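This report goes through selected local features of one protein chain.

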Amino acid sequence: MSTAAAAPRTGVVLADLLPATRTRSVALVVGGAVLTGVAAQIAVPVPGSPVPVTGQTFAALLVGAGLGARRGFLSLALYALVGMAGVPWFAAGSSGPGGASFGYVLGMLLAATVVGALARRGGDRSVPRTAGTMVLGSAVIYAVGVPYLALSTGMSPSAAVAAGLVPFLLGDALKAALAMGALPAAWKLLGRRG
């Protein structure tokens, strides 16, 4: 087997390796929303912060990388809309628009789109590329979530950074490390099978 035949093609994401049907795309979008909702139930309160540590950011970034920009966006949009409609699958079983952590949900929607676009360009195929992709995705989440936290709670910008960014950096590094191992390994496994 030649190396070229075993190497994954750029321009595709992991979901593209499944047989293409409209039903598949709908199932992937719904599945990504459900994965994010389930991961949001893994919630650990952070002293001094109205925002808990959750698994939903990790799920949102994986959904973007695995599904691509369009399906990742649709999946996180479905997650946000269903949660705003009252399904208790935001962090720790909360729901509805607003709340101190809702900006992070909006940030995840954008981050899944950015991460998905980068994954389609090979941003999830190696450890260094995956690290960069996950860092950028996390930065997008914080770029929306922290200012929203400040506005919704009346915190100063520095207090919002202290309560809504700093306590989460170590956890985000661990999540990125998991992704750096999982995504390139999935591509290697699928490349050997293909």
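Which residues does A80 touch, not counting residues up to four places away in sequence?

## A80 and its surroundings

A80 touches F90 and V105 when residues up to four places away in sequence are not counted. The model is a predicted one, and the contacts described here are computed from it. A80 has its place in helix α4. Its relative accessible area is 5%, under the 20% limit, so A80 is buried.

A80 and S156 are 76 residues apart along the chain, and their C-alpha atoms are separated by 26 Å.

## Salt bridges

Side chains of opposite charge can pair when their charged atoms come close. In this model the count of salt bridges comes to 4.

One of them joins R71 and D16, with the closest N and O atoms 2.7 Å apart. Because R71 lies in helix α4 and D16 in the loop between α1 (3-6) and α2, this pair ties together parts that are 55 residues apart in sequence. R71 is buried at a relative accessible area of 6%, whereas D16 is partly exposed at 25%. D16 also forms a salt bridge with R120, again with the closest N and O atoms 2.7 Å apart. This second pair links distant parts of the chain, with R120 in helix α5 and D16 in the loop between α1 and α2, 104 residues apart. R120 is partly exposed, its relative accessible area being 29%.

Another salt bridge is formed by D172 and K175, whose closest N and O atoms are 3.8 Å apart. These two residues are 3 residues apart in helix α8 (residues 169-193), which means a separation of about one helical turn. Both D172 and K175 are buried. Salt bridges that share partners join D16, R71 and R120 into one network.

Helix α7 covers residues 157-164, and its buried residues are A160, A163 and G164. Seen down the axis of α7, these residues fall within an arc of 80°, so they line one face of the helix. They pack against α5 (102-120) and α6 (127-153).

S49 is found in the loop between β1 (43-44) and β2 (53-54), and its side chain reaches the backbone oxygen of A163 at 2.6 Å. Leaving aside neighbours within four places in sequence, S49 is in contact with A163 and F168. S49 is buried, with a relative accessible area of 15%.

## Exposed features

What makes up the nonpolar surface patch of about 310 Å²? The patch is made by V26, V30, V34 and V38. V26 has its place in helix α2 (residues 22-39).

A92 is found in the loop between α4 (69-84) and α5. Its phi is near 60°, a positive value in a residue other than glycine. Is A92 buried or exposed? At 57% relative accessibility, A92 counts as exposed because the value is over 50%.

Definitions and conventions:
Residues numbered from 1 in each chain as written. Predicted model: local features only at pLDDT ≥ 70, side-chain atom pairs only at ≥ 80, totals over all residues. Heavy atoms only, no water. Buried < 20%, exposed > 50% of the residue type's maximum accessible area, 1.4 Å probe, protein only. Helix = DSSP H or I, 4+ residues; strand = E, 2+ residues; numbered from the N terminus. Arc of directions from axis to C-beta. Contact = heavy atoms within 4.5 Å. Patch = residues over 30% accessible without salt bridge, like charges linked within 9 Å, V, L, I, M, F, W, Y side chains within 5 Å. Areas by Shrake-Rupley, 256 points an atom, 1.4 Å probe, with all protein chains shown as cover. Salt bridge = Lys/Arg side-chain N within 4 Å of Asp/Glu carboxyl O. Polar contact = N/O pair within 3.5 Å; in protein donor to acceptor, adjacent residues only side chain to side chain.
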